[in-house]
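Hi,

Here is the structure I promised to pass on. Have a look at it first, and my notes follow below.

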Amino acid sequence: MTSLTAAVVTVSDRSHRGAREDATGPVAVTALREAGFDCADPVIIPDGADAVEAELRRLVAAGVRVIVTCGGTGVSARDLTPEGTLRVLDREIPGIAERLRADGAAETPLAALSRGRSGVAGDALIVNLPGSPRAVASGMPLLVSIAAHVLSQLEGGDH
């Protein structure tokens, strides 16, 4: 594998304005670093499909291989992370998002409300996680357990 670079994007109007501390991004960053990924501190962007799309495209163009978003997957009017993500994905990997929701449902029925997506864009894996620190902590073990295999597959590795 050529690169274990990762990035975390926190999607939150309140955190972007400085009205609320980002409690989710650091959880994801810690898990990625502990798994051996080179991962900068989280970037915080406002909610909305356009902001998500622009940041994901920037990260993919910069060569980041694993991109995790935290937040914006719910049902409120500004929760448009999945819509922005779909604009960037070349192919979805629905099993990741389905598994994240199923695993989360074991902890809280609210996990069913997440509309997060996952898939590949170019040679990057992109996964949407909810904006709850508990959901991020719950979802990161799955993500780090499969990320290296996904990246290997994107590089032409065997199954």
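Which are the buried residues of H2? They are Gly25, Ala28, Val29, Ala31 and Leu32, where buried means under 20% relative accessible area, exposed over 50% and partly exposed in between, with a 1.4 Å probe and protein chains only. These residues cover an arc of only 165 degrees around the axis, which puts them on the same side of H2; the arc is that of the directions from the helix axis to the C-beta atoms.

Before I go on, some housekeeping. This is a predicted model, where local features need pLDDT of at least 70, side-chain atom pairs count only at pLDDT 80 or more, and totals for chains, interfaces and linings use all residues. Residues are numbered from 1 along each chain as its sequence is written, and side-chain values use heavy atoms, with hydrogens and water left out. Helices (H or I, at least four residues) and strands (E, at least two) are DSSP runs, numbered from the N terminus.

Back to H2. Its buried residues pack against strands S1 (5-11), S2 (38-39) and S4 (66-70), and against H6. The axes of H2 (residues 25-34) and H6 (residues 133-154) come within 9 Å and cross at roughly 25 degrees, so the two are roughly parallel (under 35 degrees; over 145 is roughly antiparallel, 65 to 115 roughly perpendicular, and the rest oblique). Val27, Ala28, Ala31 and Leu32 of H2 make the contact (heavy atoms within 4.5 Å) with Pro133, Val136, Ala137, Met140 and Val144 of H6. By class, that contact has 9 nonpolar, no polar and no charged residues. For the classes, Ala, Val, Leu, Ile, Met, Phe, Trp, Tyr, Cys and Pro count as nonpolar, Asp, Glu, Lys and Arg as charged, and the others, Gly among them, as polar. After H2 comes glycine 36, with a positive phi near 100 degrees.

The other helix pair is H3 and H4. The axes of H3 and H4 (residues 81-88) come within 7 Å and cross at roughly 40 degrees, so H3 and H4 are oblique to each other. On the H3 side the contact is made by Ala49, Asp50, Val52, Glu53, Leu56 and Arg57, and on the H4 side by Thr81, Glu83, Gly84, Thr85, Arg87 and Val88. This one has 4 nonpolar, 3 polar and 5 charged residues.

Cheers

Note on methods:
Axes fitted to C-alpha atoms, helices over the stretch in contact; angles between N-to-C directions.
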